[in-house]
Amino acid sequence: MNVDQIKKILVVGAGTMGHGIAEIAALSGYEVYLSDIAQDILNNALDKIRWSLSKFQEKGQLKESVETIMSRIKTVVGLTDAVKDADFAIEAAVERLDIKKQIFQNLDKLLKPEAILATNTSSLPITPIAEATKRPDKVVGMHFYNPPALMPLVEVMKGEKTSDETAKITYELAKRFGKQPIMINKDVPGYIVNRILFAITNASCIVVENKIADFREVDAVAKYKLGFPMGVFELADYTGIDVAYYINKGWEELGIKTLKCGIIEEKFKANELGVKTGKGFYTYPAPGKYVKPDLPKELAEKLDPSLIIAGAVNEATKLLREGVASKEDIELGVKLGLGFPKGIFQYADELGIDNIVNALAQLRKLSNNDFYDVDPLLQQMVSSNKLGVKTGEGFYTYGKTEEKTYRTVKVRIEPPLAWVILNRPEKLNALSPELVEDINKALDELETDQRIRVVILTGSGRAFSAGADISSFLTLRPIDVIRIRTIRDLTNKIALYTKPVIAAINGYALGGGLEIAMACDIRIASEMAQLGQPEINLGIIPGAGGTQRLPRLVGKGRAKLLIYTGDMISAKEAYEMGLVDMVVPPQRLEDEVRRVALKIAEKSPLALLAAKLAVELGNESNIWSGMLIEGSLFGLLFTTKDAEEGIRAFLEKRKPQFKGE
Ligand code: COA
């Protein structure tokens, strides 16, 4: 058989999924039998399909009338001879193996021998269902997402005996339904997407149960650091705590290895099932009424995102290594099925494979579950230095990293990022004339390097920079301060640099060091960093913008307090007064900065420049001039190819590719 021979589709079960599948089959031009055990269930399903189609019609998305499409759906009570000419059956009954087996036995008897029998199960294995028939080669998993009419993903999964032909026809049929199928070559309960979601939920449970973070902190990391559309526990509440509980229980009964979660079981036993009961991890205004939980961004500061995602990376790696699915299909699955902004392997590369492996070791220790044993492929990647973005190769290859060395500066080119590393660690990166000159040179070269979208400034050793080099002060004549390239010029260059500049403040940022950091667009500090304007102790004042940029960031009073006392403050204090924008543990500084920088690097370089100029220049003039600057730049962006690409990509529901044109 081939996909062109499929004309009639039978959908068994007219519940939430069944009626949606019948709708898209009819919408795609197929004759549909929709079967359930009672006529009133079927009538209800028809009403819902009609309503949904009328919504598509209102948006002008239907090529035919609602009635024409509806006329292709015939309802059938029970499974009778009436459906026997169906070419393809999709079962969408309750998630119980005994019931599914019974249905498949009946379908096997009723339908012609060449008909394909698919199950929309989301968690049960295909093989035992197939074994209830005499045509296990023609039984396949075809998993739609809720609501089928809107969700683009379909997972096609083979049982032990499913033939390649059956899987291929099912894949093609999903495409004819206008869906994006992914192919799963082996029977893995939960398909790809749910397995990955379970791994994320389980790791989150381990983190909470071991008091590394509370559930709100986990959710804040998931939303703000990983960009998930919902927090892990928010999603559990949303889909229903009972759903996760029963899937696990069902697996346990079938002897399938489970990833249990103690806190989910507790919630289940307390009948706190999430949105549906008005209380789960969060409390909702009324049963069934979902509102977004209020999660302040600061809650995302503490927890390492690698801990949340490491189990999922391990699982995805195993699926890839065992040939269960391709890398592209796994990535598509999480993006379309879970709404993640990136694929799971992309996350792994950005977070660093070494960090993922360390997180796995921690999860293994805490849970004592061999699920967290590091997959051999990940181990191999670490030993061959394929650590992801930072080494230029991981699951993907990136522009090769290059290093350039100046006298007192190292530059690491890691497209689309470049790290300018102040390299006089023995003098705490004190800003000697050579160092200032070298930073200038490096910035000039990077400004014209088309591969680079974001520049990061940081220091080697225990300082970002301890400020101007005091040792040269005594011999310095006033005229030299004007003639040599000063730190002041450098800060101005950074403030108006045409690419975003991030300061990764790894340690002391004092005097001129802090002034350079303040000229950067964003400041991310290690918890160990100490910041201050100590010039007053030398009988002088800040000379590279400290008296100007500091009050703009923290207010005049606090600025004067810092400048008059010369005191150093901790990164945390600096964060609280708005002097730095994020504080992270020292061992995570590089990865966190990389994560933020890569996010920015995906945007249009022209829009970023316009935003920077509007903020920098606009805020230094009165509001009317500022608004005019903003308005002019706003208008100018509409002449760019990037804006056209961004708008088109939104309308076509794809990720934009900005070229800076
Ligand atoms: N200019 C020149 N050299 C500097 C320097 C600066 N701004 N800051 C640190 N160094 C040198 C130190 O002289 C020392 O060199 P040495 O080993 O040859 O003696 C080296 O860097 C290490 O610093 P050290 O003072 O031994 O480290 P520490 O941990 O005891 O103290 C600081 C760290 C930052 C508190 C201290 O170095 C300091 O106060 N630096 C000056 C900061 C300042 O006033 N900056 C504004 C300048 S306008």
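I began with Tyr 284, which is buried at a relative accessible area of 5% (buried means under 20%, exposed over 50%, partly exposed in between, with a 1.4 Å probe and protein chains only). The model is predicted, so I kept its limits in mind: local features need pLDDT of at least 70, side-chain atom pairs count only at pLDDT 80 or more, and totals for chains, interfaces and linings use all residues. Residues are numbered from 1 along each chain as its sequence is written, and side-chain values use heavy atoms, with hydrogens and water left out.

Aromatic rings. I searched the whole structure and got 18 aromatic pairs (rings of Phe, Tyr and Trp, the last by its six-membered ring, with centres within 6.5 Å; planes under 30 degrees apart are stacked, over 60 edge-to-face, the rest tilted). Tyr 245 and Phe 268 are stacked, because their ring centres are 3.7 Å apart and their planes stand at 10 degrees. Tyr 245 is in helix 10 and Phe 268 in helix 11, so this pair ties together parts 23 residues apart in sequence (helices are DSSP runs of H or I, at least four residues, numbered from the N terminus). I noted Tyr 245 as buried at 14% and Phe 268 as buried at 18%. Tyr 290 is partly exposed, with a relative accessible area of 25%. I also listed one aromatic cluster, formed by Phe 215, Phe 233, Phe 281 and Tyr 282.

Cysteines. I counted one disulfide (cysteine sulfur atoms within 2.5 Å). Its partners are Cys 205 and Cys 261, with sulfur atoms 1.8 Å apart. The S-S torsion is about -85 degrees, so the disulfide is left-handed. Cys 205 lies in helix 7 and Cys 261 in the loop between helix 10 and helix 11, so the bond ties together parts 56 residues apart in sequence. Both cysteines are buried. I checked Cys 520 as well, and it is buried at 4% relative accessibility.

Ligand. I found 17 residues around the ligand, and Lys 427, Arg 462, Ala 466, Ala 468 and Ile 470 come nearest (a heavy atom within 4 Å). An N or O atom in the Lys 427 side chain is 2.5 Å from a ligand oxygen. A ligand nitrogen is 2.9 Å from a polar backbone atom of Ala 466, and I read 2.9 Å from a ligand nitrogen to a polar backbone atom of Ala 468. Taken alone, the ligand exposes 860 Å², of which the protein buries 61% (Shrake-Rupley method, 1.4 Å probe).

How values were computed: A polar contact is a pair of N or O atoms within 3.5 Å; within protein, one must be able to donate a hydrogen and the other to accept it, and residues adjacent in sequence count only if both atoms are side-chain atoms. Helices (H or I, at least four residues) and strands (E, at least two) are DSSP runs, numbered from the N terminus.
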